[in-house]
Structure formats: structure tokens, C-alpha cells
Amino acid sequence: MLAKKVIFTLFVLLLASNLAFSAPPAKHPKTNEQLIVKCLKGTAKIDGNLNEWQLNFMQPAVLDTKEQIFLGQGFWDGPKDCSGSFYLMWDDKNIYIAVIVKDDKISMNKAGGDIWNADAIEIFFSTTNAVAGHAEHYQYGFNANNQKWNWCNMDGAGSKEPDYLQIASSKTADGYICEASVEYKQMKSLDFKVGNSIGFHPVIDDTEAVDREIQITWTGREAHDQSQGFGYMNLTNETAAVNSKGKATLTWGAIKSQ
Ligand SMILES: [Ca+2]
Ligand SMILES: [Ca+2]
Ligand SMILES: [Ca+2]
């Protein structure tokens with residue numbers, strides 16, 4: 001009986017602690033809109049070409065305002081210097097990320113775990129909790145040289161090149177495109193199932209020289225800073241093709257109201 005009581009008490013405490021730390025989606029530092037992006041069902045071929053993405057029918061996470069510049073406001077020349085849109089899809093195996101970056105000078109000169117210190121993309125998948133430290137997220141990085149890295153890892157498997165992340169990229173007239181996939185079963189501590197929300201924080205690092213000069217983030221806070229929660233990525237069963245038949249479901253307001 002005592003054991004049962006102890007277990008019940010622990011369960012209540014666990015529930016209470018989850019409730020205490022669970023955070024609503026972070027807000028955009030300029031517009032105050034909740035940061036929510038839909039992850040639509042679909043499969044991408046990782047080749048640096050986004051033709052198979054129904055981009056016109058998707059709502060990306062957008063990083064393009066000065067309020068989102070965490071590092072290097074004095075260096076930032078506006079969206080043409082450093083900005084980007086992040087699109088998400090998923091299927092039974094992978095989560096797919098398409099990033100369209102505007103960058104007026106591309107510079108990648110770092111290797112391995114140092115790729116953040118030049119032009120690079122960082123993606124955080126996390127719990128929806130508001131917590132300090134690095135214990136509740138996975139942090140991946142990649143760039144237009146097809147380099148990749150996993151730093152933070154909730155299962156202790158980080159600080160190495162992830163063989164389960166595929167990356168392909170292409171240069172554009174005003175920047176670059178990265179197309180990546182992550183085999184999500186490798187993120188053992190997060191539950192990728194329809195209807196779930198996963199914490200999400202996209203980040204762009206930028207330089208025109210050797211070392212990073214600018215970091216722009218979705219929340220405007222430091223890349224890892226989960227202390228007030230990240231944005232949300234909603235795992236839906238919808239596809240962009242279905243959405244294209246009913247544009248009404250594609251408005252930002254409709255996304256927010258779900
Ligand atoms: Ca493709
Ligand atoms: Ca730039
Ligand atoms: Ca650059």
C-alpha cells in the first residue's frame with residue numbers, strides 16, 4: 001500500500017512538474033504572433049531542388065526582422081543580407097526541412113562542430129517546456145557546402161556528424177537553398193505522431209568574412225535559449241496537395257486557431 005502511495009505521489013509530482021514547465025508557443029519579437037508552423041505530410045527527395053515542395057501552399061517559419069537578430073545588429077543590412085524561410089514536411093520515417101536563405105555573400109570556411117561559426121543553418125527540435133540549459137532539445141546544423149553536425153542531443157548521442165541527417169543544397173541568385181531530412185526515430189525523447197506539437201527553433205548564422213557576424217533566430221533570443229520556450233511545430237496529417245484544393249485552410253489565422 002505504501003508503495004502504491006509513493007508511486008501515486010511521484011506520478012502527481014511528475015504531472016505537476018510537467019505542467020509547471022510546459023510553455024505556450026514563443027511569440028514573434030516584433031508582431032507578438034505565436035510562433036507556430038505546420039508540418040505537413042509529404043516526402044522530399046534530398047537533392048537541393050525544391051520542385052516537389054508545394055511551397056505556395058505552405059506557411060513557413062520566417063526569420064526576417066531586425067527584432068529577430070540576436071547577434072550582430074550593427075552588421076545587418078536587412079533581409080537581403082541575412083533572412084530565411086523554413087518549410088517542414090514529414091512521412092513515416094523522416095522530417096524534411098527546406099530552407100530558402102537570402103545572403104548577399106556566402107562564406108563557409110569551418111569544419112565539423114565549428115560550422116556554426118560561418119554561414120550555417122541551425123535547427124532545434126525540443127520538448128514544449130520552458131527550461132534553461134540544453135537538456136530538452138536536439139540541435140542540428142548544416143550549410144550550403146552540405147556539411148552537417150549534431151550538437152545538443154537529449155539521448156546523449158550528440159557532438160558528432162549525424163549519419164541519419166541527409167543534406168543537399170544549391171546556390172541561388174540572392175543566397176542559397178538547403179534541403180535536409182532527419183530520421184526522427186533517432187530523436188528518441190520526442191514523440192513524432194499526428195496531432196503532437198514539438199518545440200521548434202530555426203536559426204541562421206551569417207558572415208561575410210571568416211567568423212560569424214550575425215545570428216538571426218525565430219524567437220529573437222539566443223539559439224539555445226529555451227528558458228521561455230521555443231516555437232511550435234504541429235505534426236498534421238494534412239498534405240500540401242489536399243490544402244491546394246481549399247485555400248481557406250491555409251491562412252495564418254486558420255493555422256493559429258487549431
Ligand atoms: Ca528535392
Ligand atoms: Ca550576409
Ligand atoms: Ca554570408
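Residues are numbered from 1 along each chain as its sequence is written, and chains are lettered from A and ligands numbered from 1 in the order in which they are written.

The mean pLDDT of the protein chain (the predictor's confidence in each residue, from 0 to 100) is 90, and 85% of the residues reach 70 or more. Over residues 247-258, however, pLDDT stays under 50. Where pLDDT is low, the predicted coordinates should not be read in detail.

The protein chain comes to three helices and 13 strands, these being DSSP runs numbered from the N terminus (helices H or I, at least four residues; strands E, at least two). Of its 258 residues, 41% count as buried, that is, with 20 or more other C-beta atoms within 10 Å of their own, whereas a residue is exposed with 12 or fewer and partly exposed in between, C-beta atoms being placed from the backbone.

Strand β4 (residues 83-90) is mostly covered, with seven of its eight residues buried. Strands are said to pair if DSSP finds at least two bridges between them. On this basis β4 runs parallel to β1, joined by two bridges, with L40 opposite M89, and it pairs with β2 (residues 61-63) in the antiparallel sense over three bridges. A hairpin of three residues leads from β4 to β5, and eight bridges join these antiparallel strands, M89 having Y96 as its bridge partner in β5.

Strand β1 (residues 36-41) also pairs with β13 (residues 231-239), in the parallel sense and over five bridges, and β13 in turn pairs with β11 (residues 197-206) in the antiparallel sense over four.

Beyond its neighbours within four places in sequence, L88 is in contact (C-beta atoms, placed from the backbone, within 7 Å) with residues including V37, C39 and M233.

A132, by contrast, lies in the loop between β6 and β7, and is exposed because 11 other C-beta atoms lie within 10 Å. A132 and S227 are 95 residues apart in sequence, yet 4.5 Å apart in space, C-alpha to C-alpha.

Key. This is a predicted model: local features need pLDDT of at least 70, side-chain atom pairs count only at pLDDT 80 or more; totals for chains, interfaces and linings use all residues. Two residues are in contact if their C-beta atoms, placed from the backbone, lie within 7 Å.
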